[in-house]
Structure formats: C-alpha cells, structure tokens
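Hi,

Here is the structure I promised to pass on. Have a look at it first, and my notes follow below.

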Amino acid sequence: GLILFRSPFASLLAYVTPHKGVLLLAVLLMVGESAIALANPWIAGRFAELLLQPPAAPGPGLLPLLALWALLLAAQSGLSFGNQYLLGSTGEAMLTRLRTRLYDHLQALPLGYFHERRRGEVLALLGNDAGQISSFVTGTLVSLLPLLITFAGAFYFLHRISPPIAPPAVVLIPV
C-alpha cells in the first residue's frame with residue numbers, strides 16, 4: 001500500500017495546535033507591545049517640543065503628557081510580562097509533551113538502536129533538541145508577526161518625517 005509520510009511541519013503542528021488559543025493571545029499581546037513601542041517616539045517628540053517651545057494654543061501640558069507616557073510604559077511592561085508568562089508556560093507544556101512522546105518512542109526502540117549510537121546522542125535528543133523545537137515555536141515563530149508590524153509602523157512614521165530617508169532606511173535596517 002501507499003505509505004504516507006508526515007512532513008516535519010505537520011508533526012510540529014500536532015504539538016502547537018492544543019495551545020493555539022494561548023499562542024494567539026501571546027501574538028495579540030506582542031502586537032499591543034509593538035503599538036506602544038511605536039507610540040513612544042511620538043510622545044518623546046511631543047515632550048521635547050513642549051520643553052523647547054511653549055505652545056501658543058492651549059493643549060495638554062507637560063504633566064498630562066508625562067502621565068500618559070508613564071501609563072503607556074506601564075501598559076507595555078504589563079503586556080510584556082503577560083506575554084512572557086504565557087509563552088513560558090506554553091513552551092514548557094509543549095516541551096513536556098514533546099519529551100514524553102520522545103521518551104515513549106525511545107522506550108519502544110530495539111536495543112540494537114542504542115548499541116549503534118553513542119550515549120550522548122540519545123541524551124542530547126531527549127534534552128537539547130526537544131528544547132530547541134519548543135523555543136523555536138514560542139520564541140521565533142510567534143514573534144514574527146509583531147516584528148513585521150513594528151517594522152511596517154517604523155517605516156510609515158519614518159516616511160512621514162522624511163520621505164527621502166525612508167527607502168534607504170528600509171533597505172539598511174534588516175541588513
């Protein structure tokens with residue numbers, strides 16, 4: 001008969017799928033962090049503007065602007081803490097499940113498998129490799145969307161400030 005092989009990505013999805021709600025929430029928290037990170041330079045600019053040139057028209061003064069800035073920084077810290085907690089606990093749950101599956105698989109292998117390999121190979125597989133997969137999912141894979149949003153937002157604001165500088169900056173920043 002026809003033997004179907006699962007792709008490595010499909011195998012990885014089997015460990016990610018039970019946690020997709022938590023990972024989606026972590027991505028949303030990261031997007032919130034990115035939005036606040038993009039607002040910080042604007043507030044800093046307004047703050048410097050108020051210090052250097054007192055406004056001619058009535059508007060928010062220094063203290064309300066500082067309070068808003070402090071509130072945004074506190075919100076960013078809260079989002080970062082929540083995100084790190086969610087990703088840490090989810091990563092550990094995925095790692096536990098992956099290591100349990102790997103241990104069960106190693107237990108089912110014939111003794112000849114272990115005689116053909118060095119002892120350290122099997123221990124590295126059980127210890128390090130499973131951890132690398134978990135850290136890839138909860139670190140690299142989940143943070144791609146917020147990083148792209150931050151990059152696009154930074155390009156937008158840079159283009160608004162100085163259109164001739166924006167295109168070279170977009171090329172040079174990733175480099």
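Which residues of α2 are buried? The model is a predicted one, and in it the buried residues of this helix are L23, A26, V27, L29, M30, E33, S34, I36, L38, N40, I43 and L50. If you want to follow them along the helix, keep in mind that an α-helix has 3.6 residues a turn, so residues three or four places apart point the same way. Helix α2 itself covers residues 20-52, 33 residues in total. From its first C-alpha to its last, α2 reaches 48 Å, close to the 48 Å expected at 1.5 Å a residue.

Now for the chain as a whole. The protein chain has six helices and zero strands, so from the N terminus on its elements read α-α-α-α-α-α, with helices and strands taken as DSSP runs. Of its 175 residues, 23% count as buried. The chain exposes about 12100 Å², and carbon and sulfur atoms supply 71% of that area. If we take the contacts between residues at least 6 apart in sequence, 73% of them join residues at least 24 apart.

Next, the aromatic rings. A pair of them is described by the distance of the centres and the angle of the planes. With centres required to lie within 6.5 Å, the count comes to three aromatic pairs. One of them joins Y113 and F114: the ring centres are 5.3 Å apart and the planes stand at 90°, so this pair is edge-to-face. Y113 counts as partly exposed because its relative accessibility is 21%, and F114 is partly exposed too, at 29%.

Y156 and F157 form another edge-to-face pair, with 5.3 Å centre to centre and 65° between the planes. Y156 has a relative accessible area of 45%, so it is partly exposed.

Best wishes

Note on methods:
Residues numbered from 1 in each chain as written. Predicted model: local features only at pLDDT ≥ 70, side-chain atom pairs only at ≥ 80, totals over all residues. Heavy atoms only, no water. Phe/Tyr/Trp six-rings, centres within 6.5 Å; stacked < 30°, edge-to-face > 60°. Buried < 20%, exposed > 50% of the residue type's maximum accessible area, 1.4 Å probe, protein only. Helix = DSSP H or I, 4+ residues; strand = E, 2+ residues; numbered from the N terminus. Contact = heavy atoms within 4.5 Å. Areas by Shrake-Rupley, 256 points an atom, 1.4 Å probe, with all protein chains shown as cover. Expected span 1.5 Å × (residues − 1).
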